[in-house]
Amino acid sequence: MAGTKISKYLRLFAQLEKLTEKCTDPIARMATVNAILYHKMETFSWVGFYLLKEGQLIVGPYQGHLACQTLEKNKGVCWAGINEKKTIIVPDVHDFPGHIACDSHSRSEIVIPLLNREGELTGVMDIDSRLENNFDTTDGRELEKICRLIYRQAGN
Ligand code: SME
């Protein structure tokens, strides 16, 4: 099972590397990443980005159900990813104090900090699943790799 997941991530990463090669616009790349992950990873129910703007987390490109446009400061999983500057895996959102439920069917969640080329935090990638305990450290590592595509230089 784990083998299936990693081989899938490797295939999708190779595809995304090609798709994001020429256009360096981060928003265009985020949109491309969302479209691939949302449509190819069957257990992902929402895939998107929340971006830091003047101290607020504002929704960026996403795929899935309508989501909150802004997230109350220092509350929920996305803000935890920002404040701790690390990947947060939530096996059951009901057990995460302050979790912000944009989709009431969401059961587990992963948040990955997004860093630009200077290493500055610009926001997070956020993925929800309707399955409990859907994300593990393989997802964390592979999604961190995918996030590094967003700000890379053209063709490398
Ligand atoms: N659950 C997130 C809010 C964003 S939605 O999941 C799309 C949080 O607690 O920060």
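Modeller: Two strands are said to pair if DSSP finds at least two bridges between them. The model here is predicted, and Tyr50 of β1 has Val59 in β2 as its bridge partner.

Biologist: What makes β1 and β2 a pair?

Modeller: There are 7 bridges between β1 and β2 (residues 56-64). The definition asks for at least two, so β1 and β2 count as paired. Their direction is antiparallel. The hairpin of these strands has 2 residues between them, and Glu54 there takes a positive phi near 50°.

Biologist: How do you know that β2 and β3 pair as well?

Modeller: β2 and β3 share 2 bridges, in the antiparallel sense. The cut-off is at least two, so β2 and β3 meet it. Leu57 stands opposite Leu71 of β3, and a hairpin of 5 residues links β2 to β3.

Biologist: What holds for β5 and β6?

Modeller: Strand β5 (residues 108-115) is joined to β6 by 8 bridges, and the two run antiparallel. Because at least two bridges are required, β5 and β6 are a pair too. Ser108 has Ser129 of β6 as its partner.

Biologist: Why are β3 and β4 called edge strands?

Modeller: The open sheet has 6 strands in the order β3-β2-β1-β6-β5-β4, with antiparallel pairing. β3 (70-71) and β4 (88-90) each pair on one side only.

Biologist: Where does the ligand sit?

Modeller: The ligand takes up the space of the largest cavity.

Biologist: Which elements supply the shell around the ligand?

Modeller: β1 (46-53), α3 (76-84) and β6 (121-129) each give at least two residues. α3 gives the most, with 3 residues.

Biologist: How do the residues of the shell divide into nonpolar, polar and charged?

Modeller: The shell holds 7 nonpolar, 2 polar and 3 charged residues. Among the residues around the ligand are Trp46, Gly76 and Glu109. By the definition, Trp counts as nonpolar, Gly as polar and Glu as charged, so Trp46, Gly76 and Glu109 supply one example of each class.

Methods. Residues are numbered from 1 along each chain as its sequence is written. This is a predicted model: local features need pLDDT of at least 70, side-chain atom pairs count only at pLDDT 80 or more; totals for chains, interfaces and linings use all residues. Side-chain values use heavy atoms; hydrogens and water are left out. A residue is near a molecule or strand if one of its heavy atoms lies within 4 Å of it. On a 1 Å grid over the protein atoms alone, a cavity is a set of points where a 1.4 Å probe fits but cannot get out, and a pocket is an open set with protein on both sides within 12 Å along at least five of seven lines; lining residues have an atom within 4 Å of a point. A molecule sits in a cavity or pocket if more than half of its atoms lie within 2 Å of its grid points. Helices (H or I, at least four residues) and strands (E, at least two) are DSSP runs, numbered from the N terminus.
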